[in-house]
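I have set them out as numbered points, each on one topic.

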Amino acid sequence: MPSGDAHRSLARALDILELCSQNGVGYTLTQLSQQLGIAKGSISPLLHTLQDREYLTLDEQDHHYRIGRMAFRIGNTYLDEASALREIHRLMKDIVAVCHETCHLGCLKNGDVYYLKKVDSPLYSHTVTVEGRSLPAYATGVGKALLADYQLPQLKALYYDGLYPLTEHTITDFRQLADQLVEIRAKGFAYEYEESTRGIRCIGVPLRKNGRVAAALSVAFPLERYNPQAATQAEKALDETRRQIERMLCSIELQF
């Protein structure tokens, strides 16, 4: 556990960065000491460390500390991620415009699919998912897409308490689930047949980064609107969007 001194030093370093970020002109050692109420002898080693790590720069002419390259890089990473999520959300809206059904974006957390984004159908739908909610991944289309690369031993380790049913259609046999994942790897699509919610069918696709599943997209249908033509249309929209998102993921450090 970090000591109280370590916590205080970290807090002071963050205070320095936050103060310098508010003023492009920067601050001298004396000004920082006065502004933050930290003795020069205590703040000086923090400034040296931040400078050595390139979070701050020191102008040799006016002796002002300013935000450095690493702080700028971290800030840009945040902006890149925010921009990427906005673009993914826009692409999900495009899917809904084509399919007229609800679209989900999810990631895997401790065996559950965690719903990051949802774009609702303009038509009546009784999907129960909301952003921030989670469901067992093995019972959903988007979740099976997230589990696509899992083998039988990995599934048993992940769900060591077994697969409990959410509906009478939920797969509760590990071998059957593993066989479905083999098909998902071969065909690229995951399917749910009223396994998490009665009256809902779902098609999902994994989103890969560097060959590994990072997230997944899905389209959810009320049973009465699901038919082969609608399914084919959704698969085409999902696959095209998958390609666009995976190209985007190759160029940024987005963490779902």
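1. Cys20 has a relative accessibility of 2% and so counts as buried (buried is under 20% relative accessible area, exposed over 50%, partly exposed in between, with a 1.4 Å probe and protein chains only). Cys99 takes part in no disulfide, and the nearest cysteine sulfur to it, that of Cys103, lies 8.1 Å away; a disulfide here is a pair of cysteine sulfur atoms within 2.5 Å. Cys99 is buried because its relative accessible area is 8%. Across the whole structure, the search returns 0 disulfides.

2. A word on the basis of these values. This is a predicted model, in which local features need pLDDT of at least 70 and side-chain atom pairs count only at pLDDT 80 or more, while totals for chains, interfaces and linings use all residues. Residues are numbered from 1 along each chain as its sequence is written, and side-chain values use heavy atoms, with hydrogens and water left out.

3. Now to the charged pairs. The count of salt bridges comes to 13, where a salt bridge is a side-chain nitrogen of Lys or Arg within 4 Å of a carboxyl oxygen of Asp or Glu. One of them joins the side chains of Asp62 and Arg66, at 2.7 Å from N to O. Asp62 is partly exposed because its relative accessible area is 29%.

4. Lys118 deserves a look of its own. This residue sits in strand S4 (residues 112–119); strands (E, at least two residues) and helices (H or I, at least four) are DSSP runs, numbered from the N terminus. With a relative accessible area of 15%, Lys118 is buried, and its side chain meets that of Asp120 in a salt bridge of 3.3 Å, N to O. Asp120, at 48% relative accessibility, counts as partly exposed. His89 is 29 residues from Lys118 along the chain, and their C-alpha atoms are separated by 8.2 Å.

5. Which residue forms a salt bridge with Glu168? The partner is Arg198, with the closest N and O atoms 3.0 Å apart. This pair links distant parts of the chain, 30 residues apart: Glu168 is in the loop between helix H6 (152–158) and helix H7 (174–187), and Arg198 is in the loop between strand S6 (190–193) and strand S7 (200–209). Glu168 and Arg198 are both exposed. Elsewhere, salt bridges with shared partners join Asp239, Arg242, Arg243 and Glu246 into one network.

6. Helix H2 (residues 29–36) includes Leu29, which is partly exposed at 26% relative accessibility. Beyond its neighbours within four places in sequence, Leu29 is in contact with Lys40, Ile43, Ser44, Leu47, His63 and Tyr65 (contact means heavy atoms within 4.5 Å). Phe256 is 227 residues from Leu29 along the chain, with 39 Å between the two C-alpha atoms.

7. Finally, the largest pocket holds about 390 Å³ of space. Its lining has 13 residues, and those closest to its centre are Leu108, Leu146, Arg212, Val213 and Ala214. On a 1 Å grid over the protein atoms alone, a pocket is an open set of points where a 1.4 Å probe fits, with protein on both sides within 12 Å along at least five of seven lines, and lining residues have an atom within 4 Å of a point. Strand S8 (residues 212–222) gives the largest share of this lining, 3 residues.

Terms used
Grid points are joined across faces, edges and corners, and a volume is the space filled by probe spheres set on the points.
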